[in-house]
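Here is a briefing for a reader who is new to this structure.

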Amino acid sequence: MLGAIIGDIVGSRFEWNNWKSREFTLLTPECRITDDSVMTLAVAHALLESGENREALAGQAVSSMRLFGRRWARGCYGGRFSRWLVSEHPQPYGSFGNGSAMRVSPCAWAASSLEEALDLARRVTMVTHDHPEGIRGAEAVTAVIWFARQGMEPAEIRRRVEERWYRLDFTLDDIRGTYAFDVSCQGSVPQAIEAFLEAEGVEDAVRNAVSIGGDSDTIAAMAGSMAEGRYGVPEELRARVLPMLDPPLRQVLERFERRWPPVPGRAEAQARM
């Protein structure tokens with residue numbers, strides 16, 4: 001989950017000012033959390049609060065997202081989601097936007113099997129993004145994180161994604177010159193997956209994501225969340241990002257990680273061997 005937050009923060013300054021290169025200063029004073037981080041933490045909060053009661057998860061997701069969305073990252077949300085946040089009777093609205101996929105990473109950590117992870121993803125997604133493409137995007141990101149957590153090799157992850165969710169018949173170099181802003185799942189989730197598959201760590205995945213342009217913070221959030229599942233987050237990067245979260249948000253992250261511990265960063269894991 002922290003990988004998603006890192007990607008969001010790094011990509012935040014490029015969303016409306018695309019930078020088609022991997023070469024840039026990773027974190028600057030312009031970087032900030034956006035709705036991607038806030039909603040990821042809202043999903044984490046919903047999973048913590050609903051506990052083992054899966055039937056309560058969707059309702060808790062509504063409560064957590066509305067609570068967090070009204071307090072943090074105001075001005076970052078799309079029109080329909082903004083109306084959903086303040087609606088008296090919030091209902092799903094048929095969205096296939098990538099908001100479903102950028103916030104879903106906690107589901108892959110809170111599950112004990114792939115099918116459970118996908119079930120959790122569907123439950124937290126359907127409360128807003130009940131379009132088949134919105135669900136497919138959330139499932140795909142969740143599945144890639146799950147596969148990565150199991151130590152699956154990138155080539156096998158690619159095969160499984162193509163078998164069930166998306167064709168990945170391009171490289172980042174193929175699309176970098178022409179890829180444009182696209183907030184749909186079908187127009188950004190495959191690109192985020194490719195950014196992860198071509199990477200060798202969280203920072204590498206985030207740089208890959210930023211380098212193609214488009215909806216940079218969200219693509220980087222998705223790519224970072226997937227890369228964390230395979231590589232972990234280096235302690236140095238974690239230490240730089242945590243102070244950028246308000247204390248209540250940091251507390252949610254820490255509670256979640258105590259309940260479902262993340263993997264150590266690759267360097268730390270190698271040092272322990």
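In this predicted model, A4, I5 and D8 in α1 meet D36, S37, T40 and L41 in α2, where contact means heavy atoms within 4.5 Å. Because the model is predicted, local features need pLDDT of at least 70 and side-chain atom pairs count only at pLDDT 80 or more, while totals for chains, interfaces and linings use all residues. Residues are numbered from 1 along each chain as its sequence is written, and side-chain values use heavy atoms, with hydrogens and water left out.

- By class, the contact of α1 with α2 has three nonpolar, two polar and two charged residues; Ala, Val, Leu, Ile, Met, Phe, Trp, Tyr, Cys and Pro count as nonpolar, Asp, Glu, Lys and Arg as charged, and the others, Gly among them, as polar.
- Helix α1 (residues 2–11) and helix α2 (residues 35–50) pack at an angle of about 165°, with their axes 8 Å apart, which makes α1 roughly antiparallel to α2 (angles over 145 degrees count as roughly antiparallel).
- Helices here are DSSP runs of H or I with at least four residues, numbered from the N terminus, and axes are lines fitted to C-alpha atoms over the stretch in contact, with angles running from 0 to 180 degrees between N-to-C directions.
- The axes of helix α12 (residues 202–211) and helix α13 (residues 216–231) come within 8 Å and cross at roughly 155°, so α12 and α13 are roughly antiparallel to each other.

**A buried serine**

- S105 lies in the loop between α5 (99–102) and α6 (106–109), and with a relative accessible area of 1% S105 is buried (buried means under 20% relative accessible area, exposed over 50%, partly exposed in between, with a 1.4 Å probe and protein chains only).
- Not counting residues up to four places away in sequence, S105 touches M1, A4, T40, I145 and S225.

**Salt bridges**

- The whole structure holds 20 salt bridges, each being a side-chain nitrogen of Lys or Arg within 4 Å of a carboxyl oxygen of Asp or Glu.
- E139 forms one with R122, the closest N and O atoms being 2.6 Å apart, and this pair links distant parts of the chain, with E139 in helix α8 (residues 132–149) and R122 in helix α7 (residues 114–125), 17 residues apart.
- E139 counts as buried at 13% relative accessibility, whereas R122 is partly exposed at 27%.
- The side chains of E194 and R158 also meet in a salt bridge (2.8 Å, N to O); E194 is buried, with a relative accessible area of 2%, while R158 counts as partly exposed at 24%.

Notes. Helices (H or I, at least four residues) and strands (E, at least two) are DSSP runs, numbered from the N terminus. Angles under 35 degrees count as roughly parallel, over 145 as roughly antiparallel, 65 to 115 as roughly perpendicular and the rest as oblique.
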